[in-house]
Amino acid sequence: MIVIRDMQPADVDEILAIADVQLGENYITVDDLSRCYTLVAEDDKSHKCVGFCLSYVEQDGKAYVRTVAVNPDFSGQGIGTALVSKAVDYLKGLGAKSIFSPLWKHDGIVNSDVIFRRNGFHPTREISDYWYADSIAKGYSCPVCGKGCHCTCVMYEWLKG
Ligand SMILES: CC(C)(COP(=O)(O)OP(=O)(O)OC[C@H]1O[C@@H](n2cnc3c(N)ncnc32)[C@H](O)[C@@H]1OP(=O)(O)O)[C@@H](O)C(=O)NCCC(=O)NCCS
């Protein structure tokens with residue numbers, strides 16, 4: 001069984017290992033984990049972290065689900081959907097009336113489209129080179145572009161009904 005819970009310090013290495021493979025080397029840092037509200041999916045047999053989701057609220061009150069990733073060995077079991085659902089609950093609990101999520105478009109598709117739509121999000125607009133400046137400043141590698149990410153983001157939004 002998979003349990004969704006808050007991150008604990010012992011999860012950090014496992015989260016970063018999933019992030020490096022699924023999102024690109026050094027895209028997520030220890031600093032990101034401490035600044036965001038971090039949920040993890042734990043496999044209750046092995047007690048290993050098999051997925052995570054980061055969310056946060058900016059000073060101006062804008063709420064974001066920043067990213068979600070699942071160990072490929074555990075894909076297709078509803079873990080990504082459940083992580084986003086808990087993140088939305090958390091942000092709603094803080095009073096969010098809308099939630100944004102910049103999702104990665106690769107080869108013409110947003111592979112996390114389904115899990116966000118299942119949680120009530122819809123695509124609003126595309127932004128090219130969304131991560132470029134950040135990838136240069138922070139020196140992380142995109143799984144597709146390497147250094148200097150030219151990928152497009154599709155901004156998804158959830159609105160309180
Ligand atoms: C996207 C991701 C989080 C999905 O996690 P998951 O636990 O497998 O998701 P769920 O089991 O809840 O949902 C799976 C659904 O997502 C869709 N999906 C997953 N990977 C997909 C892919 N590569 N291409 C297209 N659709 C995909 C499928 O439609 C699937 O639906 P189904 O099970 O009914 O067939 C995971 O594949 C991942 O970590 N990907 C790399 C990182 C990433 O792209 N993160 C999102 C952007 S920040």
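Aspartate 107 sits in the loop between S5 and H4, with helices (H or I, at least four residues) and strands (E, at least two) taken as DSSP runs numbered from the N terminus. Its phi is near 55 degrees, a positive value in a residue other than glycine. This is a predicted model, where local features need pLDDT of at least 70 and side-chain atom pairs count only at pLDDT 80 or more, while totals for chains, interfaces and linings use all residues. Residues are numbered from 1 along each chain as its sequence is written.

- Most residues other than glycine have a negative phi.
- Aspartate 107 counts as exposed, because it has 6 C-beta neighbours inside 10 Å (buried means 20 or more other C-beta atoms within 10 Å of a residue's own, exposed 12 or fewer, partly exposed in between, with C-beta atoms placed from the backbone).
- Asparagine 26 isn't a glycine either, yet its phi is positive at about 70 degrees.
- You'll find asparagine 26 in the loop between H1 and helix H2 (30–35).
- Asparagine 26 has 14 other C-beta atoms within 10 Å, so it is partly exposed.

**Around the ligand**

- Of the 20 residues around the ligand, the ones that come nearest are Ser75, Gly80, Thr81, Asn111 and Ser112 (a residue is near if its C-beta atom, placed from the backbone, lies within 6 Å of the molecule).
- Two or more shell residues come from each of helix H1 (12–23), strand S4 (63–70), helix H3 (79–93), strand S5 (98–105) and helix H4 (113–117).
- S4 gives the most, with 4 residues.
- The shell splits into 10 nonpolar, 10 polar and no charged residues (Ala, Val, Leu, Ile, Met, Phe, Trp, Tyr, Cys and Pro count as nonpolar, Asp, Glu, Lys and Arg as charged, and the others, Gly among them, as polar).
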